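Reader: I've got the model open. Could you walk me through how to read a few of its features?

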Amino acid sequence: MDDLHLTLKTTFGYNAFRPLQREIIDTALADRDVFALLPTGGGKSLCFQLPALHRTGLTIVVSPLIALMKDQVDQLRAAGVAATYLNSSVEPDEARSRLRGLHRGEWRLLYVAPERLMLDDWKENLTSWNVTAIAIDEAHCVSEWGHDFRPEYRQLNRLRKLLPGVPVMALTATATERVREDIIKHLQLRDPAVFVASFNRPNLTYKVLAKDQPLKQIIDFVRKREDESGIIYCASRATTERVAEALAGRGFSARAYHAGLDIEDRSRNQEAFLRDDVKIICATIAFGMGINKPNVRWVIHHDLPKNIEGYYQETGRAGRDGLPGDCLLLFSGGDAAKQTHFIEEITNEHEKSVARAQLRQIMHYAESSGCRRSELLEYFGEIFPSNNCAACDNCLEPRETYDGTIVSQKFLSCIYRIRQTGRFGVGLNHIIEVLTGAETEKIARWEHQRLTTYGIGRELARPAWAAVGRELMRLGFVAQAEGEFPVLELTPEGLAVLTARKPITLTKPLDLPKAKRAPRREGDVECDEILFARLRELRKRLADERGVPAYIIFGDTTLRQMARSYPTRLKDLDGITGVGEKKRAEFGDTFVAAIAEFLKTNPRMTFND
């Protein structure tokens, strides 16, 4: 076992590196700039934490969220690592004490927000602290093309002039090719080694349901998972409050979390969730959670996310410990209409165009009949090697198809006739108004009531025609222009199927939920569930005594492995994930004694490998 593996085992309690971790760490220790794209739960933090223990000097970690800093520092301290953070939540006396420690070289890692790092009076600190590495977490915040752009991140390139010889590592979980290039350019990374891991999260199951009485749908979902932690993302503060109150009123342990709460309430609710005192957090999509809670077992989107990157990151909060996680999106065309209304109020045409494109992409995902996993991976430029992931609704229960030749011909003909007579294109809504025979000012002005396609689609409601139009776009028969006027045009393929009258098969739109067969839950650790519950109670008690979240003691994966192998002596803990030397010394005796006591009155179970 070399030195890096030894640190991985003794400090962090892991037996093996995750994909790309070792390569990134070796490159970082060679003092080269690094760009690392690892999916949520892929182990980004270890890529800069472990090298910090093999360097002299200080590693600075730039993080945009106060909660995330505290969370990671708590975990590092629990593992015996000298780490600290400085942000607005630290009292002045404590901040001065930590600064004195930095001047004395007491800390190996310092977590700090970008705006504090760039303060003028910090320049002297940065040049005197023997900074030997800089890690920029959530690096997608630097790009206006990313889903969480933060202007203060743009200033970080000034660090290159201030600390020219210090290697920089930029890390993110979500970035398209365009965003990756933007990050490297704006942070002025010098010939960086680029590492891009697979975006696939095999332990997550994806499902989309037509939104119908969403509170009832959520309650039915949560009722089957009362002992599990979960997050419900909502589009507005009012909805987070309403959903949390409805769940609490039915006996569920739920709280709201959004930017409108005062700092004390927000911190209290988050801390209760981290410590498992509260099982469910209802959070706004815009504000986000900024937490590293590994045992979140499910994520629900009450409303349509604004873009796929945000959706991927938010669903990625489930199953960070490698155990199964369920992701449910409630989809309604009404949600898309609301977002369209907000987008039209954007005054900057470039921003409006980006927002429109992002909305089309997330709607495409929600309405698609294809494999959800393949759709997500394709967005990030990755090809899933199978045509069936066996862990999404469309693969487990393929949607019904129907002969859509006639409705498709009507829709395509309408686009063709409008273009032929008026020499200009129109948008989706106007096409639908012509098909359904609407009497609008635009139809009268352009005399579209004279078209042969006017009113030929009265048999379908407007939402049904919208679904047909969007599927014809997905099939490549219709294209929507970018920019200020998103008009529809026939593609060469669309013109070909129109003129040749080729048959077209369409997928039935999302309908009310049906019973689905249970998905394969990759990552599940079969174990003695009664013992697992006892160990969770013990972990909770120890965590409460120390005033830390439960997973700071041990994660669910660790407890499940204990509840499978029944360690009753300290040496039996060898090889169990998450049991480093410090945690073994601090908690090992307590847990093995509890397991030995359990076996006095309960038989040992056996499990297949």
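Author: Let's start with an open sheet of six strands, parallel in its pairing, whose order is 8-13-12-9-11-10. Strands here are DSSP runs of E with at least two residues, helices are runs of H or I with at least four, and both are numbered from the N terminus. Two strands count as paired if DSSP finds at least two bridges between them. Bear in mind that this is a predicted model, where local features need pLDDT of at least 70, side-chain atom pairs count only at pLDDT 80 or more, and totals for chains, interfaces and linings use all residues. Residues are numbered from 1 along each chain as its sequence is written, and side-chain values use heavy atoms, leaving out hydrogens and water.

Reader: Which strands stand at the edges of that sheet?

Author: Strand 8 (204–210) and strand 10 (254–257); each has a single partner strand, so one side of each lacks a neighbour in the sheet.

Reader: And what is the pairing between strand 9 and strand 11 like?

Author: In general, strands of a sheet pair through backbone hydrogen bonds, either parallel or antiparallel. Here, strand 9 (residues 229–234) and strand 11 run parallel, with five bridges. Look at Ile-231: its bridge partner in strand 11 is Ile-281.

Reader: What happens just after helix 23?

Author: Gly-547 takes a positive phi of about 70 degrees there.

Reader: Which residue other than glycine has a positive phi near 60 degrees?

Author: That's Ala-390, in the loop between helix 16 (372–379) and helix 17 (393–396). With a relative accessible area of 26%, Ala-390 is partly exposed, the class between buried and exposed (over 50%).

Reader: And Asp-276: buried or exposed?

Author: Buried, because its relative accessibility is 11%. Asp-276 isn't a glycine either, yet has a positive phi of about 70 degrees. You'll find Asp-276 in the loop between helix 12 (263–274) and strand 11 (280–284).

Key
Buried < 20%, exposed > 50% of the residue type's maximum accessible area, 1.4 Å probe, protein only.
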